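The sequence and the structure come first, and the description follows.

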Amino acid sequence: MPTQSQFRRRRNSCHVRQGTERGAAIYNELGNVVEDPQVKEALEARAFVSQSVLAKIDQCFKLIGEKPVQLSGRLQEVFLEDFRKELNQMQSPAAKRLFVLAKLVHHTHLRIGEYVALIAAADVTGHYGVGVLLESCLADKLAFVERTRRLIRNVVEVRVAERKAVEHAA
């Protein structure tokens, strides 16, 4: 019979896998509602990378000799519900763009925390191969956050330049 600690690790691993699956769906859905080509491209790339992350997580389960279990996923559902509601209230395309990007960073930071905890658990339990796989998944998340941060800065810089141009023309 599994110990309480093993049960928590398995549940957390399942949560990361399910979160990755739902995350890919979120990236696809967000990509369908955004109009900015750069944001759309970033979302499509993130959805694509999510597929390789799923393969790595499945390999982790294989290495530890476990199978993922189905969890509620309510956090993801609430995230999407709130996202849709707030986005529908916005009128400005620039505000929508920044909102989508900020939500992406927020969502990704939740996933980063899960990976950090699982990597520590893999190290403590001596599953170093699992740790390597999880760290590569974490690296993907960190790269996405950095790329999104740069995109946010670019969006803001363009908006500021537009305002300055209007002010100088007036």
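The buried residues of helix α2 are Val39, Leu43, Arg46, Ala47, Ser50, Val53, Leu54, Ile57, Cys60 and Phe61. Here buried means under 20% relative accessible area, exposed means over 50%, and partly exposed lies in between, with a 1.4 Å probe and protein chains only. Helices are DSSP runs of H or I of at least four residues, strands are runs of E of at least two, and both are numbered from the N terminus.

The model is predicted: local features need pLDDT of at least 70 and side-chain atom pairs count only at pLDDT 80 or more, while totals for chains, interfaces and linings use all residues. Residues are numbered from 1 along each chain as its sequence is written, and side-chain values use heavy atoms, with hydrogens and water left out.

**Overall fold**

The chain has 5 helices and 0 strands, in the order α-α-α-α-α along the sequence. Buried residues make up 35% of its 170 residues. Of the contacts between residues at least 6 apart in sequence, 77% join residues at least 24 apart; a contact means heavy atoms within 4.5 Å. The chain exposes about 10000 Å², of which carbon and sulfur atoms supply 57%. Accessible areas come from the Shrake-Rupley method with a 1.4 Å probe, and for residues only the protein chains shown count as cover.

The expected span of a helix is 1.5 Å times one less than its number of residues. Just after α2, glycine 65 takes a positive phi of about 70°. Helix α5 (residues 128-169) has 42 residues and should span 62 Å; its end C-alpha atoms are 61 Å apart, which also agrees.

The buried residues of α5 include Val130, Leu133, Leu134, Cys137, Leu138, Lys141, Phe144 and Val145. An α-helix has 3.6 residues a turn, so residues three or four places apart point the same way.

**Selected residues**

| Residue | Relative accessible area | Class |
|---|---|---|
| Serine 50 | 1% | buried |
| Leucine 98 | 31% | partly exposed |
| Histidine 107 | 2% | buried |
| Cysteine 137 | 0% | buried |

The contacts given here leave out residues up to four places away in sequence. Serine 50, in α2, touches Thr20, Ala24 and Tyr27. Cysteine 137, in α5, is in contact with Val53, Lys56, Ile57 and Tyr115. The C-alpha atoms of cysteine 137 and serine 50 are separated by 9.0 Å, although the two residues are 87 residues apart along the chain.

Histidine 107 lies in helix α4 (residues 93-124) and is in contact with Gly23, Ile26, Tyr27, Gln76 and Phe79. Leucine 98 and valine 156 are 58 residues apart along the chain, with 8.2 Å between their C-alpha atoms.

**Nonpolar cores**

A nonpolar core is a set of buried Ala, Val, Leu, Ile, Met, Phe, Trp, Tyr and Cys residues joined through side-chain atoms within 4.5 Å. The largest has 18 residues, of which Val39, Leu43, Val100 and Leu104 touch the most other members. The elements that give two or more residues to this core are α1 (4-33), α2 (37-64), α3 (74-89), α4 and α5. Apart from this core lies another, of 17 residues, among them Val16, Ile112, Val130 and Leu134. Valine 100 touches Val34, Val39, Phe83 and Leu87, not counting residues up to four places away in sequence.

**The second largest pocket**

Pockets are found on a 1 Å grid over the protein atoms alone: a pocket is an open set of points with protein on both sides within 12 Å along at least five of seven lines, and lining residues have an atom within 4 Å of a point. Grid points are joined across faces, edges and corners, and a volume is the space filled by probe spheres set on the points.

The second largest pocket has a volume of about 290 Å³. Its lining comprises 13 residues, of which Gln38, Ala42, Arg147, Thr148 and Leu151 lie nearest its centre. Helices α2 and α5 are the elements that give two or more residues to this lining, and α5 supplies the largest share, 7 residues.

Key: On a 1 Å grid over the protein atoms alone, a cavity is a set of points where a 1.4 Å probe fits but cannot get out, and a pocket is an open set with protein on both sides within 12 Å along at least five of seven lines; lining residues have an atom within 4 Å of a point.
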